[in-house]
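Here is a short tour of one chain, meant to be read with the model open beside you.

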Amino acid sequence: VHSLSLRLAPDGTNLLFVEERELTPYLFTLEASGASSKVAQHPQVRRALVRAQRDAFPGTPLVAEGRDMGTVIFPD
């Protein structure tokens, strides 16, 4: 099991860390885009990601991009 964390950079952008290694630049590759739907099919992965996204920036205004952002991740 790997630890996943989302953090704010000093300029306000968000960063993705896995086991303290920043992987943000890899999120925007064709490989990541193609693999994301396959990985998201696993319920345990979806639960972990939903929890991480909801807990990442409490009380911080944000704009979220993604298919489930308004219906699943941040329904309120």
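Where does Thr24 lie? Thr24 sits in the loop between strand E3 (21-22) and helix H1 (30-39); helices (H or I, at least four residues) and strands (E, at least two) are DSSP runs, numbered from the N terminus.

Before going on, a word on the source: this is a predicted model, where local features need pLDDT of at least 70 and side-chain atom pairs count only at pLDDT 80 or more, while totals for chains, interfaces and linings use all residues. Residues are numbered from 1 along each chain as its sequence is written, and side-chain values use heavy atoms, with hydrogens and water left out.

Back at Thr24, the relative accessibility is 11%, so the residue counts as buried (buried means under 20% relative accessible area, exposed over 50%, partly exposed in between, with a 1.4 Å probe and protein chains only). Leaving aside residues up to four places away in sequence, Thr24 touches Asn14, Leu15 and Leu16, where contact means heavy atoms within 4.5 Å. With Leu16 there is a polar detail too: a polar atom of the Thr24 side chain lies 2.8 Å from the backbone nitrogen of Leu16.

Next come two residues in the loop between strand E2 (14-18) and E3, namely Glu19 and Glu20. Neither is a glycine, yet phi is positive in Glu19 and in Glu20.

| Residue | Phi | Relative accessibility | Class |
|---|---|---|---|
| Glu19 | about 55° | 41% | partly exposed |
| Glu20 | near 65° | 58% | exposed |

Further along, Gly66 belongs to the loop between helix H2 (43-56) and helix H3 (69-73). Gly66 is partly exposed, with a relative accessible area of 45%.

Now for the whole chain. What pattern does the chain follow along the sequence? It reads β-β-β-α-α-α, with three helices and three strands in total. The radius of gyration is 13 Å, close to the 11 Å that the globule rule gives for 76 residues, so the chain is as compact as a globular protein of that length; the radius is taken over C-alpha atoms, and the rule is 2.2 Å times the number of residues to the power 0.38. Along its principal axes, the C-alpha trace spans about 30 × 30 × 25 Å. Of the 76 residues, 14% count as buried. Among contacts between residues at least 6 apart in sequence, 20% join residues at least 24 apart.

Methods:
Polar contact = N/O pair within 3.5 Å; in protein donor to acceptor, adjacent residues only side chain to side chain.
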